[in-house]
Amino acid sequence: MRITEEDFVVYETEYQTTAPTVVLIDMSGSMARYGKYYHAKKVALAFRAWCQPLSEDSLKVIGFYTYATPLTERTLLHSAPNR
């Protein structure tokens, strides 16, 4: 007995895409006003939590004021705007 293409049935098709994402966070002193930096940090951490279980996706967080610097989750947690 030989297995042929007709022996298989597709019940559900799942499309998977990958999405490399970069989040840029302004770390200038003006972000300290009105809690803007706090909210930007919360958004970046939420993106990280959302992308982490999806192994195909990648997320990079970049903080910038004078120069751009990649931020790990730990450095993002301990970061503050440059005053």
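Contact is taken here to mean heavy atoms within 4.5 Å. The structure is a predicted model, in which local features need pLDDT of at least 70 and side-chain atom pairs count only at pLDDT 80 or more, while totals for chains, interfaces and linings use all residues. Residues are numbered from 1 along each chain as its sequence is written, and side-chain values use heavy atoms, with hydrogens and water left out.

Arginine 48 is found in helix 1, which spans residues 36-51; helices (H or I, at least four residues) and strands (E, at least two) are DSSP runs numbered from the N terminus. With neighbours within four places in sequence set aside, arginine 48 is in contact with Leu59, Val61, Leu71 and Glu73. Arginine 48 is buried but has no salt bridge, and glutamate 73, the nearest side chain of opposite charge, is 4.3 Å away. Buried denotes under 20% relative accessible area, exposed over 50%, and partly exposed in between (1.4 Å probe, protein chains only). A salt bridge requires a side-chain nitrogen of Lys or Arg within 4 Å of a carboxyl oxygen of Asp or Glu. For charge, Lys and Arg count as positive and Asp and Glu as negative, with His and the chain ends not counted.

Leucine 77 belongs to helix 2 (residues 73-77). Its relative accessibility is 48%, so leucine 77 counts as partly exposed. Beyond neighbours within four places in sequence, leucine 77 is in contact with Lys41 and Leu45. The C-alpha atoms of leucine 77 and aspartate 26 are separated by 15 Å, the two residues being 51 residues apart along the chain.

Valine 22 lies in strand 1 (residues 20-26) and counts as exposed because its relative accessibility is 54%.
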